[in-house]
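Hi everyone, thanks for coming. Please have a look at it first.

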Amino acid sequence: MSARNVVFFLVFGFATLAAQAGPWPPPASIGKDAPVTLAELGKLGCAPGLERFLPGVYYYCVGARDLASHRDASGVEMLKLAAAWGSKPAQFTLGVGYFNGDIAAQDRARGLAWLGLASERRDPSYQAVLRSAWKQASPAEQARANALWKAMLPTYGDARAAKRAERRYQHERDQLLGSVTLGQRICIAGLTQRDMAAIPTPKIGTTLSPFQLSIGCPGGAPASFVLHRLDGFAGSLFDGLEGHVTVGPLSPVREQGKP
């Protein structure tokens with residue numbers, strides 16, 4: 001499977017989640033009779049307001065959108081940012097992309113390392129791809145993959161990446177809880193307002209403007225509704241994450257029933 005096909009399926013799931021989380025459909029069609037195309041995914045609206053709460057979700061969306069639009073260099077960098085905030089789909093897409101060489105120069109060992117990180121939560125689909133890729137790799141590539149995985153783990157493993165994402169989300173979420181009891185309305189760019197095309201994507205390291213995240217703004221939504229939508233996206237980012245994270249050496253996971 002190519003990385004662009006991976007992007008298709010993963011962003012399709014992201015778009016479906018966005019549609020289920022609120023009343024507005026995303027730009028890409030998700031109806032059974034109107035299949036999503038890569039061109040449509042390239043126009044996917046990534047809510048800039050999510051960056052403050054869930055960077056892993058936001059940067060994954062931007063990275064996948066860039067890959068679908070053949071902006072590979074930007075897409076890879078955005079996926080790496082998402083990966084550093086605990087996004088397993090971003091890590092998986094990087095793994096397939098490096099292993100096949102269709103979004104960056106082929107580096108099968110690096111692809112295996114990314115696939116190993118993506119499989120940390122024992123997702124069966126990710127594990128199956130890791131097993132298949134591992135069997136295709138040479139002993140030298142497997143050895144280098146293990147070395148790369150060990151070097152990347154402190155930055156991208158759940159023990160750091162996902163846990164800091166959880167802390168970030170909990171802190172920002174707590175700031176909104178008071179608004180629920182006060183009955184205030186919240187505006188988050190691209191999340192509570194559909195037409196946010198005029199707002200540029202925030203640059204890395206910058207904060208969102210008051211217009212992008214403000215309280216009591218025209219056209220906003222009740223704080224309880226906003227929290228419900230944010231929790232839906234958070235559930236996708238932290239899906240499968242255990243409270244206590246333990247890690248072992250990178251290796252292909254055996255299929256059930258096989259020695």
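**A first tour of the chain**

If you read along the sequence, the protein chain runs α-α-α-α-α-α-α-α-α-α-β-β-β-α. That comes to 11 helices and three strands, where helices (H or I, at least four residues) and strands (E, at least two) are DSSP runs numbered from the N terminus.

A word on the model before we go further. It is a predicted one, where local features need pLDDT of at least 70 and side-chain atom pairs count only at pLDDT 80 or more, while totals for chains, interfaces and linings use all residues. Residues are numbered from 1 along each chain as its sequence is written, and side-chain values use heavy atoms, with hydrogens and water left out.

Now, how much of the chain is buried? Of the 259 residues, 50% are buried, and buried here means under 20% relative accessible area, with exposed over 50% and partly exposed in between (1.4 Å probe, protein chains only). The accessible surface of the chain is about 12400 Å², and carbon and sulfur atoms hold 56% of that; these areas come from the Shrake-Rupley method with a 1.4 Å probe, and for residues only the protein chains shown count as cover.

Let's go inside. The largest nonpolar core has 62 residues, and those touching the most other members are Leu50, Leu54, Leu112, Trp114, Leu230 and Phe238. Helix H4 (residues 55-68) gives the most to this core, with eight residues. By nonpolar core I mean a set of buried Ala, Val, Leu, Ile, Met, Phe, Trp, Tyr and Cys residues joined through side-chain atoms within 4.5 Å.

Take Leu54 as an example. Beyond its neighbours within four places in sequence, Leu54 has contacts (heavy atoms within 4.5 Å) with residues including Tyr169, Leu230 and Phe238.

Next, which cysteines does the disulfide join? Cys46 pairs with Cys61, S to S 2.1 Å, a disulfide being a pair of cysteine sulfur atoms within 2.5 Å. This pair links distant parts of the chain, 15 residues apart: Cys46 sits in the loop between helix H2 (38-41) and helix H3 (50-53), and Cys61 in helix H4. Cys46 counts as buried because its relative accessibility is 10%, and so does Cys61, at 1%.

One last stop: Pro222, in strand E3 (residues 221-222). Pro222 has a relative accessible area of 35%, so it is partly exposed. Not counting residues up to four places away in sequence, Pro222 touches Gln184 and Arg185.
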